[in-house]
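Please look through the sequence and the model shown here before reading on. The report that follows takes up one chain, then the contact between two chains, and then a few individual residues.

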Amino acid sequence: MNPSSSALLATQGLYFNFGKRPILHDVNLLVEPGSIYGFLGPNGAGKSTTMRLLLGLLRPAAGSVQLFGHDLARHRVAALGRVGALIENPSLYDHLSGRENVEATRRLRGIAAHRTAEVLALVGLTDNAHRAAKEYSLGMRQRLGLAIALLSDPDLLLLDEPTNGLDPNGIIEMRELLRHLREEHGKTIVVSSHLINEIEKVATHVGVIQQGRLVFQGSLPDLQRLQTGRARLVLETEDADTCRNLLPRLLAGATLVGAGTLWLPWISKEQTAELAAALTSAGQPLYGLRLEQPSLEDTFLHLTEAKAELVR
Amino acid sequence: MNPVLTSALPDFPTLPSAPNPFVQLRRALASDALKLRRTAALRLTLLSGAFPVLLTFLILFFKGHVILKAGGTPWPKFIMMNWQTAGTLLLPLFVVLLTSLVINIETKATAWKHLYAQPVGRGAVFVSKLLVVLALNAVALLLFVALILGAGALLGVLRPKLGFQTYAVPFEALLWMLGRTYIATLGLLAVQYIVSLLWRSFVVPVGVGMGAVVATIALLSWEHADKIPYAAPLATAVSMRMSKAGVLEVSHELLKHEGYSLLWFAGALLVGYVLLYRRNITN
């Protein structure tokens with residue numbers, strides 16, 4: 001079976017240029033139904049551009065977007081009827097109250113009137129719904145934007161940096177809400193972020209974009225597996241450079257990170273023991289020798305620093 | 001199960017069909033009408049007609065016995081004074097401001113990206129906002145006429161010697177002027193609408209509009225001045241004549257410049273829509 005036919009959202013060979021500047025290069029996203037897809041990348045990597053392409057706000061230079069198995073270019077209005085989106089900062093009319101802001105989109109989409117109160121309650125804004133949106137805090141604005149995205153009870157939610165400007169509590173609340181939406185309501189959620197820590201606790205799948213190319217795509221366990229080959233030994237001694245000269249074979253792959261600190265790729269327990277013995281017999285002091293497992297964040301940074309070929 | 005949200009089913013072979021264009025337009029209009037609440041565009045519409053009428057009212061209140069010929073009907077002169085005060089500069093500037101303000105509601109809220117990500121076509125968004133501007137423009141003109149009638153009646157009470165209470169209002173001439181003036185504003189309204197949508201800023205369309213109005217005044221003696229959409233409201237205002245017998249003479253058919261205004265309206269909207277339709281939404 002064609003893998004994209006079971007996907008809720010898929011892109012094929014998506015390219016986008018801004019004038020002559022290439023922004024996206026052959027992006028093939030695959031989002032399965034019922035997943036929370038963390039779309040990760042540093043600022044300027046092309047996350048927002050991709051999100052806009054998924055909504056038909058931008059026209060791709062090449063490639064296509066499939067929503068619910070249908071070509072977006074041909075069925076845009078129908079497909080968007082099942083999508084809720086929050087792109088960058090929420091689009092709020094400051095002269096209207098929170099409730100009127102929800103109403104404006106509710107009328108535009110022709111949704112039943114009772115939904116307004118329901119989504120306001122869902123994001124905890126019922127008590128502040130009568131206040132003008134200009135009086136809202138950043139966190140409240142973000143929640144109001146989310147309420148508007150949830151109005152149509154969409155099957156697919158596209159959230160672009162939804163935790164932007166939220167305090168730690170707000171980030172936790174947002175995470176809880178996303179998890180709730182997926183687990184209790186079976187929603188599929190694509191959420192972009194430049195911080196992996198925000199995503200790793202909630203995402204089931206991850207896509208990492210770097211300089212307009214998708215450098216990793218897979219489940220969260222896949223990403224975790226990727227990092228196991230990257231454990232390193234941290235060696236602390238008096239004079240790292242001297243050690244390297246004394247033990248050229250053992251320390252060939254080491255990198256100097258401080259006057260007395262060396263990093264080298266971890267290979268085995270035996271390697272660790274041999275290194276300790278060799279250093280001592282060479283008369284060098286051994287202040288510390290420890291194994292470091294890179295965090296998911298290190299893996300993410302590594303992915304976004306490295307060139308695309310690394311993970312291909 | 002929580003009634004607020006339903007569970008999404010993993011099967012999605014069929015999409016619900018898109019609502020037909022008229023349903024989309026109706027929804028967009030309902031939404032746009034709501035967004036007008038408490039906006040400067042709405043206040044401008046409701047108040048714009050008051051300024052020229054108040055000015056004319058005060059002139060006649062203090063100097064009416066000098067300006068108006070004794071013994072004749074004061075209405076034609078009063079209506080002409082009002083129309084020429086409003087039509088020369090104020091009306092084009094009003095249309096420029098109104099169009100920019102209505103479009104700025106979305107721009108200020110950075111809502112274009114939101115609007116175009118909703119299940120309504122770009123055509124519905126385009127037509128809906130155009131209808132809002134057209135309706136507000138009509139409301140402003142109707143209020144202007146209502147205020148003229150009200151101010152005249154008030155002068156009849158406060159300055160009975162001027163004779164406003166004794167003579168009949170030339171309603172037919174007034175209605176023709178109303179209709180033709182509205183048509184005369186359509187050309188520049190469409191041009192400003194497209195400029196506002198293309199630049200999505202407040203400053204650019206207001207700057208373009210004001211520049212065009214000022215340039216038009218300088219170009220009035222040009223033989224092709226009747227083809228400039230910004231000149232049309234003025235040309236309509238000054239087309240009004242008063243006969244020796246004191247009767248208001250108003251053309252009962254469209255003048256040439258009003259025809260050009262309609263052409264500008266159709267042309268600008270067509271070209272503008274084509275330019276806007278395929279555009280990328282980057283802000």
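## Chain A as a whole

A residue is called buried when its relative accessible area is under 20%. In this predicted model, buried residues make up 54% of the 312 residues in chain A. The chain is built with 11 helices and 15 strands, and its C-alpha atoms fill a box of roughly 80 × 45 × 40 Å along the principal axes.

Among the contacts in chain A with a separation of 6 or more, 68% are accounted for by residues 24 or more positions apart. Chain A exposes about 13,300 Å², and carbon and sulfur atoms supply 52% of that area.

## Where chain B meets chain A

The size of an interface is often expressed as the accessible area lost when the parts come together. Between chain B and chain A, the buried area is about 4,500 Å², with 57% of it given by carbon and sulfur atoms. In terms of residues, 47 from chain B are in contact with 54 from chain A.

Two salt bridges are found across the interface of chain B and chain A, and the side chains of B:Arg38 and A:Glu100 meet in a salt bridge with an N to O distance of 2.3 Å. The count of residue pairs in polar contact between chain B and chain A, with both residues at pLDDT 80 or more, is 21. On the side of chain B that touches chain A, at least two residues each are supplied by α1 (21-35), α4 (75-108) and α5 (112-115) of chain B, and the largest share, seven residues, comes from α1(B).

## A buried glutamine at the interface

Leaving aside residues up to four places away in sequence, B:Gln118 touches A:Arg76, A:Leu80, A:Thr105, A:Leu108 and A:Arg109. With A:Arg109, the side chain of B:Gln118 is joined by a polar contact of 2.8 Å.

## A nonpolar patch on chain B

On the surface, B:Phe51, B:Leu55, B:Ile59, B:Val66 and B:Ile67 form a nonpolar patch, and together these residues have about 430 Å² of accessible area. One of them, B:Ile67, is found in helix α3 (residues 50-67) of chain B. B:Ile67 has a relative accessible area of 34% and so is classed as partly exposed, because that class covers values between the cut-offs of 20% and 50%.

Conventions. Residues numbered from 1 in each chain as written. Chains lettered and ligands numbered in written order. Predicted model: local features only at pLDDT ≥ 70, side-chain atom pairs only at ≥ 80, totals over all residues. Heavy atoms only, no water. Patch = residues over 30% accessible without salt bridge, like charges linked within 9 Å, V, L, I, M, F, W, Y side chains within 5 Å. Areas by Shrake-Rupley, 256 points an atom, 1.4 Å probe, with all protein chains shown as cover. Salt bridge = Lys/Arg side-chain N within 4 Å of Asp/Glu carboxyl O. Helix = DSSP H or I, 4+ residues; strand = E, 2+ residues; numbered from the N terminus. Buried < 20%, exposed > 50% of the residue type's maximum accessible area, 1.4 Å probe, protein only. Contact = heavy atoms within 4.5 Å. Buried area = accessible area lost by both parts, 1.4 Å probe. Polar contact = N/O pair within 3.5 Å; in protein donor to acceptor, adjacent residues only side chain to side chain.
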